[in-house]
Amino acid sequence: MPQIEIDKDSGFCNGVVTAIRKAEEELEKSGHLYCLGDIVHNSNEVDRLCTNGLQTITHRDLALLHDVKVLLRAHGEPPETYRIASENRIEIIDATCPVVLQLQKRIKSAYTQRGSEGEKPLIVIYGKNGHAEVNGLVGQTDGEAVVIQSIEDIDKLDLSRDILLYSQTTKSLEGFRQVVEEIRRRKVSGKFEFYDTICRQVANRIPKIREFAVAHEVVLFVCGKKSSNGKVLFQQCLNVNPKSYFISNEKEIDPAWFEGVERIGICGATSTPRWLMNNVKTYLENIL
């Protein structure tokens, strides 16, 4: 029987823990709650909460609701969402992560500043276009912030303007530093300020998960396919251990991966529930 270990540092971050706790508390009281978007980027956890009465809605649905309770997940929301909720007498259960909330306030404050030429600086966000957190950040600037996903996207920036660069909280430090250095290299005039706004609880998982992946012959990375953080962490596993496999749940496991293997590691993203990793371990124990 191979040794099977679950990474003690994997699983929900504090922001996700708080959002799920708030959802469960309300569901226990009333048996029903709306959530604006998937509460976490993990379909297995979303399905579990849905069976308890959590109903995922879109922004279009929100505009049609009145006199109900709606949970805002850890990713945060733009000001427009709060305006609609107020007009429709919707009670907000706000589970925005404190790290994200602080970043929203910083960007909103920076947006009102005037630069060296009396103009507003260009707010740039290093993040995933269309990601819920990024949409909330861009909303702090009335939609004027520019989102860049890679060094290649720097081409679309007006580098003659004063630039203030921020990062989505779940991006990699390495990628952010590369963007900073490239803007520095290209920018010949005007102010350039950058702010490392990456969540350290997330960033600190990278060296730990690399160590975990190296210590095992085969690694099962359990994660929802929508998770940006999951994609970053899985790539770190793959970089140090080519026998790392991305799975959503135990049904995607191929027993052939474990032939002659003595050490198996199970890990996941900040959006991966502990119970799901436990299910994977139990499944492996049964088939091996």
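Which residues of strand S1 (residues 3-6) are on the covered face, and which are on the uncovered one? Select S1: Ile 4 and Ile 6 form the covered face, while Gln 3 and Glu 5 form the uncovered one. In a regular strand, side chains alternate between the two faces of the sheet.

Some ground rules for the tour. This is a predicted model, in which local features need pLDDT of at least 70 and side-chain atom pairs count only at pLDDT 80 or more, while totals for chains, interfaces and linings use all residues. Residues are numbered from 1 along each chain as its sequence is written, and side-chain values use heavy atoms, with hydrogens and water left out. Helices (H or I, at least four residues) and strands (E, at least two) are DSSP runs, numbered from the N terminus.

**Strands**

Ile 4 stands opposite Ile 264 in S12.

Next, select strand S4 (residues 69-72). S4 pairs in the parallel sense with strand S2 (residues 33-36) over 3 bridges, and Leu 36 stands opposite Leu 72 in S4. S4 also runs parallel to strand S5 (residues 91-94), joined by 4 bridges. Here Leu 71 stands opposite Ile 93 in S5.

**Cysteines**

A disulfide is a pair of cysteine sulfur atoms within 2.5 Å, and the count by this rule is 0. Select Cys 13: its nearest cysteine sulfur is that of Cys 97, 6.2 Å away. Select Cys 199 next: the nearest cysteine sulfur is again that of Cys 97, at 6.0 Å. Cys 13 is buried, at a relative accessible area of 14%, and Cys 199 is buried at 12%. Buried means under 20% relative accessible area, exposed over 50%, and partly exposed in between (1.4 Å probe, protein chains only).

**Rings**

The structure holds 8 aromatic pairs. Rings of Phe, Tyr and Trp (its six-membered ring) pair if their centres lie within 6.5 Å; planes under 30 degrees apart count as stacked, over 60 as edge-to-face and the rest as tilted.

Select Tyr 166 and Tyr 195. Their ring centres are 5.0 Å apart and their planes are at 20°, so the pair is stacked. Tyr 166 lies in strand S8 (residues 163-167) and Tyr 195 in the loop between strand S9 (192-194) and helix H8 (200-203), so the pair ties together parts 29 residues apart in sequence. Tyr 166 is buried at 3%, whereas Tyr 195 is partly exposed at 24%.

Move to Phe 192 and Phe 194, a tilted pair with centres 5.7 Å apart and planes at 35°. Phe 192 is buried at 18%; Phe 194 is partly exposed at 33%.

Then select Phe 221, Phe 234 and Phe 246, which ring pairs link into a cluster.

**Core**

Finish with the largest nonpolar core, which has 17 residues. Such a core is a set of buried Ala, Val, Leu, Ile, Met, Phe, Trp, Tyr and Cys residues joined through side-chain atoms within 4.5 Å. Val 124, Ile 148 and Leu 165 are among the members that touch the most others. Strand S6 (122-126), S8 and helix H7 (173-186) each give two or more residues, and H7 gives the largest share, 5 residues.

Key. Two strands pair if DSSP finds at least two bridges between them.
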